[in-house]
Amino acid sequence: MKPDIMRLIQGNEACALGALRAGCTFFAGYPITPASEIMETMARELPKKDGKFIQMEDEIGSLAAVIGASWAGAKAMTATSGPGFSLMQEHVGYASMTETPCVIVNSQRGGPSTGLPTLPSQGDVMQARWGTHGDHPVIVLTASSVQTTYEMTIEAFNMSEKFRVPVILLLDAVISHMRENITFPEIEIADRKKPVSTDNFTPFSDETFLAFGKGPRKLVTGLGHDERGYPKTTDGTIAEERLKKSFERIDQHLDTILRYKSYFLGDAEWLIISYGITSRAAKAAVDKLQGVGIATGLVDLQTLWPLPEKLIRDLSERVEGILVPEMNLGQMIMPIRMVVEGRATVQALNRADGRLFQPDQIINAVQKMQQKNGQSISKPTNIFR
Amino acid sequence: MPKTGINLEKYLRRDIMPSPWCPGCGHGNILRGILESFDRLKLDLDKVVVVGGIGCSGRTPYFTNTNSMHTTHGRALAFSTGVKMTNPELTVLTVMGDGDSVGIGGNHFIHACRRNIDLNAIIFNNSIYGMTGGQTAPTTPTGKKSTTSFAGSIEAPFDIVELALAAGATFVARTTTFDFQDMPDLITRAIEHPGFSVVEILSQCPTYFGRINKLGDATEMLDYEKDLTIPGELISREEMIGEMPIGVFREEIKPEFTDQYRKVYSKTEDVNAS
């Protein structure tokens with residue numbers, strides 16, 4: 001794909017093209033709306049590149065096959081929607097525990113359960129972070145356009161390969177199915193780091209990786225283990241140490257992992273923090289608010305987890321209030337409030353009716369916040385709503 | 001009898017011993033059968049991946065000095081599918097328990113059979129959930145007791161051989177830990193077979209199944225296995241009713257999944273030629 005060519009394509013197609021550009025050679029999945037076109041595109045395109053595609057018996061098996069493929073040396077991914085993402089949680093944990101590079105795309109639809117097929121939603125942002133049991137490192141990215149879907153899919157692979165961590169890319173039913181013109185910018189492709197020497201290689205010392213059949217024989221387990229992969233379940237301190245190291249690997253690379261787009265932050269008195277499809281309405285709202293002299297800025301989060309805490313903390317020092325519009329009943333607002341710690345009003349704007357925000361709703365919410373703030377700065381009493 | 005003088009040391013990951021298996025457990029016998037088949041086939045252990053599920057049998061990959069994956073409950077075959085597809089050069093042995101393979105993993109099992117992918121499912125069937133303390137398994141015979149069926153199971157058990165045959169596995173065999181001299185041969189044939197192979201091995205669990213059902217110690221349980229089964233290689237389905245035959249029930253060559261994938265999708269062949 002030449003970088004300067006512009007093509008009109010669907011979000012799901014952009015995701016698949018991004019994956020192929022990133023070097024994905026294995027896809028396993030199970031049909032589900034609104035994610036199926038990712039699988040269909042991969043089924044068609046992967047064999048042309050000597051890649052492997054398989055339609056599995058369910059989503060549990062899909063992510064299992066992806067992890068197996070990753071250990072056999074493939075850059076591997078799966079794509080699903082909420083119900084399938086719920087089934088995959090078992091193996092998000094396994095991938096995390098075994099430091100397996102893999103990419104999981106979840107095109108969100110209204111939940112819980114079968115929910116609202118197939119209306120868009122942002123209801124899985126907490127599940128993406130905490131869906132599987134136990135503490136576990138994971139990176140969660142989002143996209144707000146067909147263009148950024150292409151780019152963030154490549155970034156998802158890059159981060160996953162570099163840091164040996166499962167990366168979840170959250171789309172939604174609208175991004176997945178809409179068509180926009182996109183270009184194909186050159187993005188550097190990262191591969192897993194190989195050890196300098198295969199002698200005495202231990203598979204869980206750091207981010208270096210050797211596939212099955214390469215270098216010393218490996219032992220991989222979902223049990224708490226040491227750097228050799230040997231289970232250590234009587235002395236939990238060893239497993240805890242490994243887990244902390246996995247988290248540290250992410251913490252040490254926040255500069256590359258944390259991605260966001262900022263808009264009119266310079267003189268902002270009011271701030272909108274949004275992500276995914278909602279950022280489009282938020283951006284339009286910011287333009288209009290700026291037009292009428294209300295200094296409003298926008299942070300469009302492309303990395304949801306880890307959350308860019310320092311950025312939010314710094315901004316909260318100098319803005320009057322922060323609006324968090326989300327297509328759910330209030331999820332990312334919880335960690336945002338914890339980071340803000342009362343330094344600014346944090347106001348929720350929610351909808352879970354399967355419809356997108358209109359810019360006017362966001363404008364109204366900012367104006368209301370402004371009026372309310374003029375009377376008294378009230379701190380939130382219940383951070384969970 | 002296993003040939004004396006075979007040194008299986010190099011096939012064992014010794015530094016991870018001891019195993020969690022109880023005294024008298026049959027799983028060690030099966031491990032020996034697996035290692036002996038490695039020896040017979042002179043396998044390059046660097047190119048072997050042993051994948052296990054969860055349960056007593058799931059620990060087997062620790063003890064084979066191969067590439068080893070200890071995965072999740074019931075999903076070992078799905079992991080194995082990803083490994084084998086990505087690198088068909090690897091020999092993949094998938095070791096599972098009975099609850100693991102046909103209880104929680106039943107869906108993956110029948111689809112792996114149907115797909116005829118060149119994996120080797122070695123099923124350690126001790127008729128009970130051992131690691132969790134002796135609960136009813138989908139293989140517990142009707143009337144046999146467990147910690148969750150104190151009056152005896154009122155359910156009909158799965159016959160793993162029949163299930164594998166119906167689902168389309170192309171190599172299907174069963175033996176017992178009593179017939180341990182047959183094991184290396186059957187596992188060897190399974191690995192050599194180019195398609196999905198199932199070897200079910202009845203294994204004694206004196207700690208739970210034996211104790212709860214008053215079947216005696218390990219040696220008495222081996223006698224129980226002997227009495228329960230009849231050598232019935234390639235006997236008809238009608239004759240199988242009411243008996244538990246052991247032997248090889250199917251060995252046929254059908255298109256294998258990774259091979260078909262290569263043939264159909266290979267860039268060098270024109271898919272649209274016809």
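What percentage of contacts in chain A between residues at least 6 apart in sequence join residues at least 24 apart? The share is 76%, with a contact meaning C-beta atoms, placed from the backbone, within 7 Å.

This is a predicted model, where local features need pLDDT of at least 70, side-chain atom pairs count only at pLDDT 80 or more, and totals for chains, interfaces and linings use all residues. Residues are numbered from 1 along each chain as its sequence is written, and chains are lettered from A and ligands numbered from 1 in written order.

Select chain A. Its secondary structure comes to 13 helices and 16 strands (DSSP runs numbered from the N terminus: H or I of at least four residues, E of at least two). Along the principal axes, its C-alpha atoms fill a box of roughly 70 × 50 × 40 Å. Colour by burial: 53% of the 385 residues are buried (20 or more other C-beta atoms within 10 Å of the residue's own).

Next, select residues 59-71 of chain A and 76-86 of chain B. These are helix α3 of chain A and helix α3 of chain B, packed at an angle of about 40° with axes 6 Å apart. The crossing is right-handed (near helix turned clockwise from the far one by less than a right angle).

Now show side chains. In α3(A), pick residues including G61(A), A64(A) and W71(A); they belong to a set that meets α3(B) residues, among them F79(B), G82(B) and M85(B). By class, this contact has ten nonpolar, six polar and no charged residues (Gly counts as polar; Asp, Glu, Lys and Arg as charged; Ala, Val, Leu, Ile, Met, Phe, Trp, Tyr, Cys and Pro as nonpolar).

Terms used: Axes fitted to C-alpha atoms, helices over the stretch in contact; angles between N-to-C directions. Contact = placed C-beta atoms within 7 Å. Buried ≥ 20, exposed ≤ 12 C-beta atoms within 10 Å, placed from the backbone.
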